[in-house]
Amino acid sequence: MSPIDLRSDTVTRPSEGMRTAMYEAEVGDDVYGEDPTVNRLQERVADRLGKEAALFVPSGTMANQICLHVLTTPGEEVILERGSHVFNYETGAAGLLSGVQLHPLSGTRGRLKPSQVEAAVRPEADVMPRTRVLSIENTANKAGGVVYSLDRVQALAAVAREHDLAVHLDGARLWNAAAALDVTEERLAAPADITWVALSKGLGAPVGSVVAGSAPLIDEARRTRKQFGGGMRQAGLLAAAGLYALDHHRPDLARDHEKARRLANGIAECPPFSIDPAMVDTNIVMFGVPDDTADEVVPHLRDQGVLVKAFGPSTIRATTHRDVSMEGIEQAVDVLHAYADRAPAPTS
Ligand SMILES: Cc1ncc(COP(=O)(O)O)c(C=O)c1O
């Protein structure tokens, strides 16, 4: 039996229909701007996000780094949340590629508050970096797929505008936020100067993200993509997967959220694991294990056919996605129950 892989939504594999769409894609040289399928994807995403233009890039990390690069000059500062992907999981690239300093703030469940951003903006002073960008991640991955409401995003952007900061939105899972809130991606992206969405996570495409913003910013982004080594040639094969995902997979995200809720409710019934199911907003389920045992629990579950990720000594992350069915979730809950039955009682 193949394992129930809940490590990430990035493990999704192209569906049969997607593979056919890739096979049949019309292609050209995208560095010359001549790939019709890439152009179609870019127009489609720009339209969906309500932006003037868009650019297909190989990864979310490159998308974030391109966004920061086009918004800043070296020596400036970016305010972001402490758990954000840019701060934790991009190998220090913002310092290396753009010469910017990251200014992390501790949000609540991964979300920044307007008042704390306001307080963090540097005054104009010879000795200080200039605060230039506010970076928001919606959903907030490390916090457990937590959704920023539209009101909160707008309030944060209002503070940014007051202080002349640009707004960057990491929309790796903006699709999930939109599905959870039942608002369009366009409304969630509207307060951002530049944003991007991933095709290779819950949407199930093998590769790719799309950056969107004003035409001048995207012109700069195109140049930066080349500089960072991300210019691609017959990328229409990959863009076709993205177009297919938008047409056929995007509607399934709400179902992934249902699976996450079912998993969370199942976990809530099996101490020694701990979770508050009400804290599960989207497709990411974070749960606690007692006595710093995540490194023991993860291999045990793996041996029983359930793959999850340790996210700290006493925290485990399980992510639902289109390649795990509700039946798979029920099986994972059974495995967790079996572990709970054999585990010694928690010490406190
Ligand atoms: C919130 C967030 N931003 C950026 C990324 C980076 O995306 P990629 O893995 O495509 O580089 C991820 C990856 O999981 C993510 O979760």
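**Helix packing, aromatic pairs and backbone features**

Helices H1 and H11 lie oblique to each other. The model described here is a predicted one. The axes of H1, which covers residues 16–24, and H11, which covers residues 236–249, come within 8 Å and cross at roughly 140°. An angle over 145 degrees would count as roughly antiparallel, and the angle of roughly 140° is therefore classed as oblique. The crossing of these two helices, H1 and H11, is right-handed. On the H1 side, the contact is made by Gly17, Met18, Ala21 and Met22. On the H11 side, the residues that meet them are Leu237, Leu238, Ala240, Ala241, Tyr244, Ala245 and His249. Nine of the residues in the contact of H1 with H11 are nonpolar and two are polar, while none is charged.

H3 passes H10 in a right-handed crossing. From H3, the residues Met62, Ile66, His69, Val70 and Leu71 take part in the contact. Their partners in H10 are Leu217, Glu220, Ala221, Thr224, Arg225 and Gln227. The contact of H3 with H10 consists of six nonpolar, three polar and two charged residues.

The crossing of H12 and H14 is right-handed. H12 contributes Arg255, Glu258, Lys259, Arg262, Leu263, Gly266 and Ile267 to the contact, and H14 contributes Met326, Ile329, Glu330, Ala332, Val333, Leu336 and His337. Of the residues in the contact of H12 with H14, seven are nonpolar, two are polar and five are charged.

Aromatic pairs were examined next. A pair of aromatic rings is described by the distance of the centres and the angle of the planes. The structure holds two such aromatic pairs. In one of them, the ring centres of Phe273 and Phe287 are 5.4 Å apart and the planes stand at 80°, so this pair is edge-to-face. Phe273 counts as buried because buried means under 20% relative accessible area and the value for Phe273 is 5%. Phe287 is likewise buried, with a relative accessible area of 2%.

The other pair joins Phe273 to Tyr339. The ring centres of Phe273 and Tyr339 are 5.4 Å apart and the planes are at 20°, so this pair is stacked. Tyr339 is buried, with a relative accessible area of 10%. Together, Phe273, Phe287 and Tyr339 form one aromatic cluster.

The backbone contains cis peptide bonds. One of them joins Pro271 and Pro272, with omega about 15°. Thr139 is placed in the loop between strand S5 (131–137) and helix H7 (150–162).

Positive phi values in residues other than glycine were also noted. Asp164 has a phi near 65° and is found in the loop between H7 and strand S6 (166–171). With 58% relative accessibility, Asp164 counts as exposed. Asp182 has a positive phi of about 55° although it is not a glycine. Asp182 is located in the loop between helix H8 (174–181) and helix H9 (185–189). The relative accessibility of Asp182 is 69%, so Asp182 counts as exposed.

Technical notes:
Residues are numbered from 1 along each chain as its sequence is written. This is a predicted model: local features need pLDDT of at least 70, side-chain atom pairs count only at pLDDT 80 or more; totals for chains, interfaces and linings use all residues. Side-chain values use heavy atoms; hydrogens and water are left out. Axes are lines fitted to C-alpha atoms, for helices over the stretch in contact, and angles run from 0 to 180 degrees between N-to-C directions. Helices (H or I, at least four residues) and strands (E, at least two) are DSSP runs, numbered from the N terminus. Angles under 35 degrees count as roughly parallel, over 145 as roughly antiparallel, 65 to 115 as roughly perpendicular and the rest as oblique. A crossing is left-handed if the near helix is turned anticlockwise from the far one by less than a right angle, and right-handed if clockwise. Contact means heavy atoms within 4.5 Å. Ala, Val, Leu, Ile, Met, Phe, Trp, Tyr, Cys and Pro count as nonpolar, Asp, Glu, Lys and Arg as charged, and the others, Gly among them, as polar. Rings of Phe, Tyr and Trp (its six-membered ring) pair if their centres lie within 6.5 Å; planes under 30 degrees apart count as stacked, over 60 as edge-to-face and the rest as tilted. Buried means under 20% relative accessible area, exposed over 50%, partly exposed in between (1.4 Å probe, protein chains only).
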